[in-house]
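Colleague: I am new to this structure and would like to understand the words used for it. Could we go through them one at a time?

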Amino acid sequence: MLKAVFHKKDTDFCGFEISGHAGYGTEGNDIVCAAVSSCTMLVCNCITENFKSNAEVNVEENRITLRLSERDEAAVKLLSAFYEHLEMISRDYSKVKLMIV
């Protein structure tokens, strides 16, 4: 199962943790994992490199985390759009689970 946990501070998204494996194909051939990994890295790179937001990103084996160090309007909007995108994927692929904490 691929698990996405999104963190909120007040009403704003402030980070996420994506972990696991979707299990729709073998490692390296799972298009669901590839889609989620690709959009996750796009979000991380956009927040840190394009927006220059103050954020901590950690990439480990089967786990990616991002946490905003301070509120940034553009980053908050992108995190919200990212959540909505993963929500659409999870509707079609039941092994993708979303949580907000």
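Modeller: Let us begin with pairing: two strands are said to pair if DSSP finds at least two bridges between them, and the strands themselves (E, at least two residues), like the helices (H or I, at least four residues), are DSSP runs numbered from the N terminus. Please keep in mind that this is a predicted model, in which local features need pLDDT of at least 70 and side-chain atom pairs count only at pLDDT 80 or more, while totals for chains, interfaces and linings use all residues. Residues are numbered from 1 along each chain as its sequence is written, and side-chain values use heavy atoms, with hydrogens and water left out.

Colleague: What makes E3 and E4 a pair?

Modeller: E3 and strand E4 (residues 63–68) are joined by 6 bridges in the antiparallel sense, and the definition asks for at least two, so they count as a pair.

Colleague: Why are E3 and E5 called edge strands?

Modeller: The open sheet has 5 strands in the order E3-E4-E2-E1-E5, with mixed pairing, and strand E3 (55–60) and strand E5 (96–100) each pair on one side only. Further in, E2 pairs with E4 over 5 bridges in the antiparallel sense, and E1 pairs with E2, also antiparallel, over 8 bridges.

Colleague: Why is Thr65 called buried?

Modeller: Buried means under 20% relative accessible area, exposed means over 50%, and partly exposed lies in between (1.4 Å probe, protein chains only). Thr65 has 13% relative accessibility, and therefore it counts as buried. Contact means heavy atoms within 4.5 Å, and by that rule Thr65, which is found in strand E4, touches Phe16, Glu17, Glu56, Val57 and Asn58, residues up to four places away in sequence not being counted.

Colleague: Lys52 and Asp10 are both loop residues; why is each of them called exposed?

Modeller: Lys52, in the loop between H1 and E3, has a relative accessible area of 60%, so it counts as exposed. Asp10, in the loop between E1 and E2, is likewise exposed, because its relative accessibility is 75%. Each has a positive phi although neither is a glycine, with a value of about 60 degrees for Asp10 and near 55 degrees for Lys52.

Colleague: What makes E2 a mostly covered strand?

Modeller: Of the 9 residues of E2, 7 are buried. Helix H1 lies across strand E1 (2–9), strand E2 (12–20), E3, E4 and E5, and helix H2 (residues 73–92) packs on the sheet, touching E1, E2, E4 and E5.

Colleague: And why does Ile31 count as exposed?

Modeller: Ile31 lies in helix H1 (residues 31–50), and with 66% relative accessibility it is above the limit of 50%, so it counts as exposed.

Conventions
Axes fitted to C-alpha atoms, helices over the stretch in contact; angles between N-to-C directions.
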